[in-house]
Every structure is written in structure tokens, then in C-alpha cells.
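Trainee: Before we start, please put up the model that we are going to discuss.

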Amino acid sequence: MSETMTNKLNDLCKKDIKTASNEELYHALLKLVDEKSQQQVHSVTGRKLYYISAEFLIGKLLSNNLINLGLYDDVKEALAAAGKSLADIEEQEPEPSLGNGGLGRLAACFLDSLATLNLPGDGVGLRYHCGLFHQNFKNNIQNETPDFWLTDSCAAQATDTVFPVSLAGKEYSARLYKLPVTGYEGRTNTLNLFDLDTVDESVIGDGISFDKKDIAKNLTLFLYPDDSDEDGRLLRIYQQYFMVSAGAQLVLEECAARGCNYHNLADYAAIQINDTHPSMVIPELIRLLMLHDIDFEEAVQIVTDTCAYTNHTILAEALEKWPRHYLDTVVPQLMPIIEKLDALAKSRTEDGSLAIIDQNQVVHMAHMDIHFSHSTNGVATLHTQILKESELAGFYHLYPEKFNNKTNGITFRRWLLKCNPSLTNEIESLIGNGFKKDASELKKLLAYTNDQNVLRKLSEIKKQNKEALAAWLLHKQGIKVNTDAMFTIQSKRLHEYKRQQLNLLFLIHQYLEIKAGHIPSVPLVSIFGAKAAPAYIIAKDIIHGLLTLSQVIENDPEVSKWMQLVFVENYNVSAAEMMIPACDLSEQISLASKEASGTGNMKFMLNGALTLGTMDGANVEISEAVGNDNIYIFGQSSKQVIHRYAAGDYCAKDWYEADPNLRRAIDFLTSEKMLSFGDEEHLKRLQNELIWKDWFQTLPDFNAYVVRKQQAMADYAADQENWSCRTLINIAQAGFFSSDRTIEEYDNDIWHLGK
Ligand code: 26Q
């Protein structure tokens, strides 16, 4: 009842909400959420999950919490009656900057699903003051500035709980902050974030630079501080150990309070290690158990039974390995334990490649995880298969029973209910609201594939979402886009393996074709969102190439009526929520075998975009779910790619020379037109990279990509109703990709959580 809600909000505001400012209303709503969510906090019996992760990319929380707590409609109505808008109030909320990409967003979706499924599962991470950098563009180049997101109103609540953590022989105090995590008609869990009281934002200098040695002041300033020098790499180890030592102490304290005697820790706690960043929790827990008079052998068994590890990448350079002297410096107390674990690992196998400490005195974090946890999982069927067959084959032979797959998922509360209310309402009017708790019910939509009214409605909703995105782009970046065009979007971290550069080459090709008088079947608005790691030079060159081309197009009226290139500044969760519902064609064009899963692919599908993608990661499962007619697949298979790598004879230059279109596009990077807006050093370096290196085999997939994308454009132009029908099939088949399904699988196979 909105009248009761009006009274409630008047009370919380201590004034008539008609006269309250958006800021006052924001604080009132925070209190409302807090009260309601506290009612859903339950005590725990049996096993409780601790999901330890360097990232939790949670996004803004207010609307999401209102939806989960069943308050959204009443609040919206009460506000509307007072002439206020929830969207405006949401503007008051800073977006938490606690993550970077897929792994962090996955952790956030998992927390939502755990709470929704009434499972006891808390997050453990760090309270970064500035998190990931804020991105802006100047002269077509990415600049990084600190993101001071941490204001009083949004911060997780400080507690009196403090744990001692020893870093490089000095004692520090890790303070616990708690953030409630609401579930959709479920329970309230907690995201536990640790921080140091002495961290000082004023030490940040130019851009995001700071004194990397002053640990007391800098420890939790940034997520993934620049690690191009040794001090930066050491800082990452400081952060990781701080997180896991405090986390391990929290686990032990909570379990003891519930009656655990530590010998039976695995009956009270399940710990999920999200990639290798929290791997030191293994030796740290062993160390702490030994301080409680448990001998080494038993401690190893307890920890193995408690911990499980998720791998999110097969890129060798992302598998963390540290020179042992880094660990000697930062965590000397762990080294005797890591050495004993290494000896134990070596006693289990003759194969030196499975050692924790290798001959070069390098410590392999993933190896420690696999030996001393009871489960190792990949994040999509293909990814797990590649781990078993190649990347981790030696481990798979040693421990076949430990390996399992858990295909990623996304929470439909944020990625449908919250970000696409019109589509949600339409679905509800067709199949009822059961899909909100059981995503497999979306299949009921298949009954409407021939219903012209429904198909027309879907097109209308898409068009409205495109208008909304256009208005947002105009407001934020002063860019006007043509909403009659087809919208194609590639939004994800910038990385060579994800191949934003392939998209760039297509757009150059398209530009040159239009200049040559070949008019495309439909105007195209090509949208990007991506941050490049500050020290990743080629990634920044790719951004430069895209921004420069964008200007070339914009300044050419003959072309700009047919194509536009928009790069969204500072891509984050809020931007994604605007972009994804407006997308017609979802670009998932990584080099096959390299993208572990992808989760953006699932979000676009759920919101009625068709996928243009390679047979990589979860794209494979998406293509199986929707069938070949409802997805645009192109490019080499993972087998071909792996074969080409093994043969070691890939020569980009041969491809450059053999294909005139490709050559023309690559040459254009340093053309007069590009140089009139762009910088020669960046563009030349990018061009050379493509001709002489091209580690991620962009060139062999170029032609297939162009053909497939133009096919999609022609299909879109030819028959809107048929396109709409295919989007409906994608939505209907998206149920499998709910993180509720993923979490149920983790619980059944790995965690076995209590209540
Ligand atoms: C590596 C070395 C040293 C320090 C940091 C890192 C580092 C940092 C971040 C390594 C990896 C990451 C992030 C990885 C990530 O986001 N992976 C993505 O995880 C998603 C969820 O499983 C998958 O869907 C994506 O395919 C995968 O790329």
C-alpha cells in the first residue's frame, strides 16, 4: 500500500516527503532497506560458505535491495505521488568500486543467488577506498583518476571487530566492515570487507600514482595497483595476505562461536577460493590451526576438506606465480608451511611440473590450490574441458575426482528485473511471475514465437530501450545516436584476447566500403565500453584506435549517416544496465579457447540481443540452447586455435599480405585521415602489433567475422518480425544461465551448505 509507505517515508525523513531533497530521500530509503533486511538475518546451522574474492563488483544497491525486499513498487508509487522519482534519487548513490570485470561481477551475482536461495553464504574481500580507477578520455587516450566512491552514506558499516595481521614482520589491524546482502524473497547474508584504519587517500599524487612502499597508508587504496614494478607486485601480495589472514580469523571465530572445535571445521565452513588471489588462505588456515595445537598432517586434511578453488582463466600470464623472495619478504610466517606443502606435493608425484615451488624458486599459487583443496572447477563446459585436457592435464590425472565444471550464471534480479522493467512486465503478462524464482519457466515464452502482437511488442520495448540509452549518451557524453540503426555492443575489460581490435578492423572496413559507394543494408551504431589496465600498452593503443576512428567517422557526413562509433567512458555496472537492454547484436568475439566463460554474453541474450560470437566459453552453451539459426557463430574453433599454437607457425604477415581487404583495413590505421585525429606512435604500434605479432589470431578470423556481421545486418534489415522472433527464442532459452542454477550446482556438488 503506497499510503502506508508514504507515512513510513515521512517518518524516516522526519518531514513530508514532498518537501524532502533527493539526498534526504536517499538516506530515508537506506534506513528503510536496513530495517527490512535486518528482519531477514537468520542464524546458521551446519555448513556456511565463505566466498573469498579480491573483487565484488556489486553495482548500486538501493534499487536492487528494494526489489529483493519486495518494497520497490510501493516506494516508487509513494515517491511518484509526491512528485519524486526513484531514478533521480538513485543518482545520489555512488557506484561501489570494488571490482573490475567478470570475476568480480560473478561474485556479486553469486551473493545475490545465495541469499535468494536461502543459503548461508557470506563474501570476504577488501574495502578499497578508490577501487578500480575512473576512466576518462583526453586526446583519444585513456586517463586514469582515483574513484573516490567511498562516502559515508554508502559505506559498509564499520564494526568493532579487529584482527591482527602480520605483514613483513610488522603488526597491522584489519577492521571488519559489514554490508548486508539481500536475497529476492530470501534471507540477508553479509559481505565482509576488511580495511586498515591508517589508509590515507591524501597520499595519492598525479593521476593514480602513490608511494607504493608506504603500506600503512596505501594498502587498500586501489584494486589491482600497477604491478609493472616490484613494489607494485609486493603490494598485491600485501593486499592478498591481509585479506585472507583476516578472513581466516573471521571464519575461525564465527565457527567457534557456533560450537566448532576446529577439528571439525569442515562441518562448519566451506571456503571458495575465487581464482588465485585468495590462495594464501590455505597455508594461513593451516598456520592458525597449528597455533590451536592441531598437528600439520591433520591441519592439511581439515583445510583440504574445507577449501575449494575456481579457475577463471587459461591465459598463462594471468596464473599467479611469485618469486619466493617476495613471499619471504611479505609473509615469512607462511614460508615454512608452503615448503612443507611443497614437499608433500612432490611426494605425491614424480612430475616436477606439479610442484608448488619450482626449480627457479617460483611459487605457483594455482598448484597449491589444486593439491590442497577438494575441488577445482572451471566456469564453462569448454573451459573445464580445456583445463582437463591441456592446461591442468597433469593435475587432472593425479586427482580426476577433484575436477568439475560449473557453468557461470547471472542474477536475473539485476540483469532483467532491475535493468529492463518493460521487458520484465511483458514477460510477466505472458507467462506469470514464476520465472522470477525459477528461471527455467522462461521456456514458456516459446509458445509465442508465432504471435505477431508479442513480437511487435518486443520490438517496441527494444526501441524504447534504445531511446533511453540514446538520451543517456546525449546527457553523459553529448553524443547523438540514430535509434533507427542497429545497435551492436562490445562491452567488457579491454584485452587482446577479447579482440576489440577485430571489431575495430571491421569498422574500418565498413567505413572504407561506404566511401567506395557500397551502402550497408542498415545503419549501424557500434558501442564499446572497456577499461584497459593502466600499464597495458597495446590495450590502450586499441582504445586510441577506436576513439580516433570514431572522430574520423563523425567528421565525415557521407559515412556518419550510415555508421557511428561510440565509446562509453568509464564503463561500469550502471552503464551496463543502460546499455545491455538496448542491444540488438551482442559481440562475443574472443579467440576461441581463451574466454573462460564470459557472463556479458548471458546478460545480452536475456535482454533480447542475438549473439555474434566465436565458439568460445559459454557461447558454446548459448549456441546449443538457441540453435544455429538464432545465433551468429564465426571463426576458428578452439581445436584449430590450440593446434595452430602448438604448431608454432602462425605468421600474421602472411594473412596481411594474402587478403586485400584486411591489408587495406590495417594500412588505414596510419592513413592521413587517422593521423589527422590520432597519434602516430600509438597507431603505428598497434599496426605493427597486428602485422608482426597478433598473438590472438585476429587476422585469420577477419573475413569470417565481416561476412557473418554483414549477414546479421542484412537479416535485421530484411525482416524485423523474424528478428524479433529470434530474440524471443534467446530470452526463452536464457533460463539455464541464471546464477541460481549455478549456485544450486555448487551447493549440491561442492558446498553442501546448512540452513
Ligand atoms: C593476475 C596476475 C596478477 C595479478 C592479478 C591478476 C588477475 C587479475 C584479474 C587475473 C585475473 C583477473 C580477472 C579475471 C577475470 O575477470 N576473469 C573472467 O572471469 C569470468 C567469471 O568466471 C569469466 O566469465 C571470464 O571469461 C573471465 O575472463
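**Helix packing, domains and ligand shell**

Mentor: Helix α1 (residues 2-13) and helix α4 (residues 72-81) pack with their axes 8 Å apart, at an angle of about 75 degrees. This is a predicted model, in which local features need pLDDT of at least 70, side-chain atom pairs count only at pLDDT 80 or more, and totals for chains, interfaces and linings use all residues. Residues are numbered from 1 along each chain as its sequence is written.

Trainee: Are α1 and α4 roughly parallel or roughly perpendicular?

Mentor: Axes are lines fitted to C-alpha atoms, for helices over the stretch in contact, and angles run from 0 to 180 degrees between N-to-C directions. Angles under 35 degrees count as roughly parallel, over 145 as roughly antiparallel, 65 to 115 as roughly perpendicular and the rest as oblique. The angle for α1 and α4 is about 75 degrees, which makes the pair roughly perpendicular.

Trainee: How do the residues of the contact of α1 with α4 divide by class?

Mentor: Two residues are in contact if their C-beta atoms, placed from the backbone, lie within 7 Å. By that criterion S2, M5, T6 and L9 in α1 meet D74, V75, E77, A78 and A81 in α4. Ala, Val, Leu, Ile, Met, Phe, Trp, Tyr, Cys and Pro count as nonpolar, Asp, Glu, Lys and Arg as charged, and the others, Gly among them, as polar. The contact therefore divides into five nonpolar, two polar and two charged residues.

Trainee: Which residues of α19 meet α32?

Mentor: The axes of α19 (residues 452-477) and α32 (residues 720-732) come within 9 Å and cross at roughly 85 degrees. That makes α19 roughly perpendicular to α32. On the α32 side the contact has Q720, E721, S724, C725, T727 and L728; from α19 come Q452, L455, L458 and S459.

Trainee: What is the radius of gyration of the chain?

Mentor: The chain has 33 helices and 19 strands, where helices (H or I, at least four residues) and strands (E, at least two) are DSSP runs numbered from the N terminus. The globule rule, 2.2 Å times the number of residues to the power 0.38, is compared with a radius taken over C-alpha atoms. For 755 residues the rule gives 27 Å, and the chain is close to that, so it is as compact as a globular protein of that length, with a radius of gyration of 26 Å.

Trainee: Which element gives the most to the side of domain 1 that touches domain 2?

Mentor: An automatic or database domain assignment sets the bounds, giving domain 1 (40-60 + 95-314) and domain 2 (459-717). Between them, 25 residues of domain 1 are in contact with 21 residues of domain 2. On the domain 1 side, α6 (102-116), β3 (134-138) and β4 (141-145) each supply at least two residues. With four residues, the element that gives the most is β3.

Trainee: Which residues around the ligand come nearest?

Mentor: A residue is near a molecule or strand if its C-beta atom, placed from the backbone, lies within 6 Å of it. The shell has six nonpolar, nine polar and four charged residues, and α6 gives the most to it, with three residues. Of the 19 residues around the ligand, the nearest are G102, L103, H312, A596 and S597.
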